[in-house]
Amino acid sequence: MSAPSGPVGRSLPRVDGVAKVTGAARYLDDLPLAGVHHGVTVRSTIAHGTFDGLDLDPAFDWSQVVVVTADRLAWGAGLAAGGFGENYVAMIDRDQPALVPPGGRIKHVAEPLALIAAPTKALALAARAACTPRQTARPAVLTIDDALRADVVLYGDDNVFKQFLIRKGHADDDEFDLAMVAAAQIIEGTYHTGAQEQMYIEPQAMAAWKDGAVHVAGSMQCPYYVHKALKVLLGCGADDVVVAQTVTGGGFGGKEEYPSMLAAHCVMLTSAVGAPVKMVYERDEDIAATTKRHPARVRHRLGLDADGAIVAIDVDVVFDGGAYLTLSPVVLSRGVLHAAGPYRAPVVRVRGRAVATNHPPHGAFRGFGAPQTTFAYERQIDKAARALGVAPWAYRTRHALRPGDTTATGQRLEHSVGTDDILAAIAKVAGPPPARTGENAHGAPVVRGRGYAFYFHGAGFTGSGEQRLAGKASVVARPDGTVAVLASSTDMGQGAITIFAQIAADALGLPPSAIVVPDPATDVVPDSGPTVASRTAMVVGGLVERAATALKARVEAWAAGAGVAGDFTARAAAMIAAGAGLDAHGALAETVQYEPPPGIHWDDATYTGQAYPCFGWAGCLVDVEVDRDTHQVAITRCVHAVDVGKAINPVIVAGQIEGGTVQALGWAVLESVRYKDGKVTNASMTNCIVPTFGDVPDLETIIVECPYPFGPHGAKGVGEIPMDGPAAAVANALEDALGVAFDHVPILPEDIARALAGAS
Amino acid sequence: MTAYLRPTDDAHAIALRAAHADYLVLAGGTDLLVAAHHKPVPVGILDIAGRFAGITVDAAGARIGAGTSWRAIATSAELAATWPILPAAAREVGALQIQTRGTIGGNLATSSPVGDGLPVLLALDATIHLASVRGARTVPYHQFCTGYRTTALGADELITAVTVPRPAPGTYLGWRKVGTRAAQSISKVMAACALEIVDGRIATARFGVGAVAARPIRAAAAEAAATGQPPTAAVAAAVAAALRHDITPIDDVRSTAAYRLEVAGNLLARFVTNAGRTQG
């Protein structure tokens, strides 16, 4: 990294840091809302069946309580007529009701059946305890195999929400089989990965009230997703509903889909009560009801020639989508697009399916489908190296994609390919592996091993997604002398507003403290697209840079003509005073819209072409130590090298990498969401375990910068890639240590005990 | 509404307990506040936080007031010098905040099968001191836990203290907690031991195990297998095998019966071989 000349590239303190550390930051539940009522949700307790109606305990005093069931609302009337639009949480499909109506079908445990509001939370909870939903259970679909068998049909006629087929280097299955048959050996495995809870510190929280328009504020990643869903729910126009993000205590994808549901509930209740309503989930409810990472089954075959080169890759990916479609097709898309891995292969077939089950819907979680398929292919590559007797890192070095190579979709890699830099960075620091055996502080014998993983992650939306989205951002010089960045990207702790200020300040030649980034609200900021897909720095940051550059050029051109000297602030103030080119707010605004880099071609029908504008690249080395008395796994070393293009703020980037690494290590050896009969049985922080600092070693984080020519200062994505690979590195290290293959996550001590008992 | 009483001194606490046997006792509050989320609202709360606290050590042993926090136990140099497994167990109770609020008496009264402080007290042959308006009495700790979350504590009684004798010279003390993660976890298996070695043989053995039965228990069969034997690998294996007669682990949301059975045996076996090495 060369010394930065402007704000970009400096580890400036987070804009929101002091408020969060001192407790001054106001989360939704901290905000004063005059006359607010507290909303709670009556939920189903069966995985599949019908909602026959709601019984209210006649002994309870209902006088201060409002109970809403879907049959009490005027659907179809629209907001203007005092009613509602459609009873759906509008995302991709409209299959998920916001509230299951009496007589309607229940498709998962913890599905919302009725809403309750009361002046105090205690009263609302007491009222909920006095409600009993009548339910009739039907046979449920609880596994991927059940779903594919389709004896019970939940969606379409085969329970398949979405499927994809990628073919590279062959026309049909017969041609594919010929390529695979020609392999000298085939490495084959089936890999299972479990659900994972995002466990953001601030639970789901939302409020709604009516003040001319319908206002919704809360903890969320994507204000315009909520806005879109509410327009359908309310049957109203874009200006009739305003959605604002409040300070958000973590998201990790968990506040991508579900806030639309919660916002719908708040809106229904505020309409029934005639007062503001807020809903803040308890932790157990949040874990039981909201989205988690898709459980997955990935079958993977790797055909190798006599020299160990890959001649064909065959992958079959199935994701458990849960009860409704939500965003599963998009998650699946990313999963299949990464399933062949960053390795040279002339022939690739990837089939992907997301299927319906009676689990609560699975959804977005950091990595968004890629961690599941990365686990499979990086286990496979390790097994290939093992079968060939080649050192695992050397095997990857030999076969990884380089510039000029093509991916599974035929995307020819040209720029910003971090392979060699990543491989070199890991090799440089690796050092000798740990001693095979030893003893720990308990006097217990230990065995040790080392594992690697190498992987890539497409930055930004898939295929033509960014073009379809056409995200916008504005940079505005305002009459009060401030410069504002207006974007709908939310800061949920990842540093978005800090890097926006750095990028805008750099372009304008101002200190970052001169830039303000208002909290996103749909009546203030343009739709920059959702805060997902590792796109905020690369795509929206790029829009901010372009808007700032355009604004500066406009002001300088005017100043040159008018003979006004000084820095940007002085010239903008003079231009505003002169009334030149002002918008409706008396400000100088530049709004730009996403434009794809030249030469991007993607075919949704055949799933070929440029799947992503560019990829991030990463390598991970993990050393493990297994206690032979307890089978507990200690991760004693974790080196993670990640190519981010350009670190706009290196400390924030390192924080993203380290946080993602810990989340990935947790998924590998600790985190297990347990379902029984469709219900989460460990819905508490006590039993739904996530790592503490005691569970991770000092992380060795290496930032690699292979610039993306079309990103701001070369930046590409960083948010998700650290989640993709460490789990495979851990599994590979465990196989190295124990000589037993682990093809699932989480790999718990109980699993190791069972595997060793079986092996002996 | 829940009534709330806070006694002015220890005697007052005992008097109030007699008058309000139906109240919940709040010592550190760390169990009570978790229960507040899912248990019925108590009739009343008797807040004895700060009462019966303090550690004293003399020639006979240590006396730990029931209201002593885990943090005070964890940081006691006097306990660490003679009973190092007590501070070691205290350091693995919850998080620092829980250690600071939570008390040894609360752990004893709640008597959860996964109570982190309990196996150590079994291994150390602790005695529980109880008081009521009827008078004071003592109960050996291994007779105190009567079943799943039930104890010998009378409805009008409070726990006032725990005493532990000084271990005989040459006693090996061991402790290990196997939790769901490295810190702030609930135990899957816990074990503690006191193995008195005389002339190269285990003269007396006490094994306390937790999370493998309805209550924290002494492992009698394992103790019998160890007693009179040298602390060798073969005896260690026999102890692990014998433990299967003592415990009844279950499958639950945190672990499996098979894992608990195997690991509890491994922990006891390791205590025996570690004790043997201290003889080296």
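Start with chain B and colour it by its two domains: the assignment gives domain 1 (51-165) and domain 2 (171-279), with bounds that come from an automatic or database domain assignment. Before you click further, note that this is a predicted model, where local features need pLDDT of at least 70, side-chain atom pairs count only at pLDDT 80 or more, and totals for chains, interfaces and linings use all residues. Residues are numbered from 1 along each chain as its sequence is written, and chains are lettered from A and ligands numbered from 1 in the order in which they are written.

**Stop 1: where the two domains of chain B meet**

The C-alpha centres of domain 1 and domain 2 of chain B are 21 Å apart. Their contact draws 23 residues from domain 1 of chain B and 23 residues from domain 2 of chain B; two residues are in contact if their C-beta atoms, placed from the backbone, lie within 7 Å. Now select α5 (85-90), α8 (118-123) and β8 (145-147) of chain B, the elements that give two or more residues to the domain 1 side. Helices (H or I, at least four residues) and strands (E, at least two) are DSSP runs, numbered from the N terminus. The largest share of that side, five residues, belongs to α8(B). Sorted by class, the domain 1 side holds 15 nonpolar, five polar and three charged residues. Here Ala, Val, Leu, Ile, Met, Phe, Trp, Tyr, Cys and Pro count as nonpolar, Asp, Glu, Lys and Arg as charged, and the others, Gly among them, as polar.

**Stop 2: chain B as a whole**

Zoom out. Chain B has 12 helices and 14 strands. Its radius of gyration is 19 Å, close to the 19 Å that the globule rule gives for 280 residues, so chain B is as compact as a globular protein of that length. That radius is taken over C-alpha atoms, and the rule is 2.2 Å times the number of residues to the power 0.38. Along its principal axes, the C-alpha trace of chain B spans about 60 × 45 × 30 Å. Of the 280 residues in chain B, 50% count as buried. A residue is buried if 20 or more other C-beta atoms lie within 10 Å of its own, exposed if 12 or fewer, and partly exposed in between, with C-beta atoms placed from the backbone.

**Stop 3: across to chain A**

Show both chains. Their contact takes 20 residues from chain A and 19 residues from chain B. On the chain A side you'll find six nonpolar, 10 polar and four charged residues.

Click A:I116: beyond its neighbours within four places in sequence, its contacts include A:V40, A:V66, A:A124 and A:R128.

**Stop 4: A:L54**

Go to strand β2 (residues 49-56) of chain A and pick out A:L54. Is A:L54 buried or partly exposed? A:L54 is partly exposed, because 16 other C-beta atoms lie within 10 Å.

**Stop 5: two sheets in chain A**

Select the six strands β7-β15-β14-β13-β8-β29 of chain A, listed in their order in an open sheet with mixed pairing. Strands pair if DSSP finds at least two bridges between them. At the edges are β7 (160-168) and β29 (744-745) of chain A, each pairing on one side only. Strands β14 (residues 310-322) and β15 (residues 347-356) of chain A run parallel over 10 bridges. For a landmark, A:I313 stands opposite A:V348 in β15(A).

Another open sheet, of four strands with mixed pairing, has the order β20-β19-β18-β21 (chain A). Its edge strands are β20 (515-516) and β21 (588-593) of chain A. Strands β18 (residues 472-477) and β19 (residues 483-486) of chain A pair in the antiparallel sense over four bridges, and A:S474 stands opposite A:L486 in β19(A).

**Last stop: domains of chain A**

Colour domain 1 (17-25 + 471-593), domain 2 (31-138 + 208-283) and domain 3 (369-459 + 614-759) of chain A. The C-alpha centres of domain 1 and domain 3 of chain A lie 37 Å apart. Their contact takes 13 residues from domain 1 of chain A and 16 residues from domain 3 of chain A.
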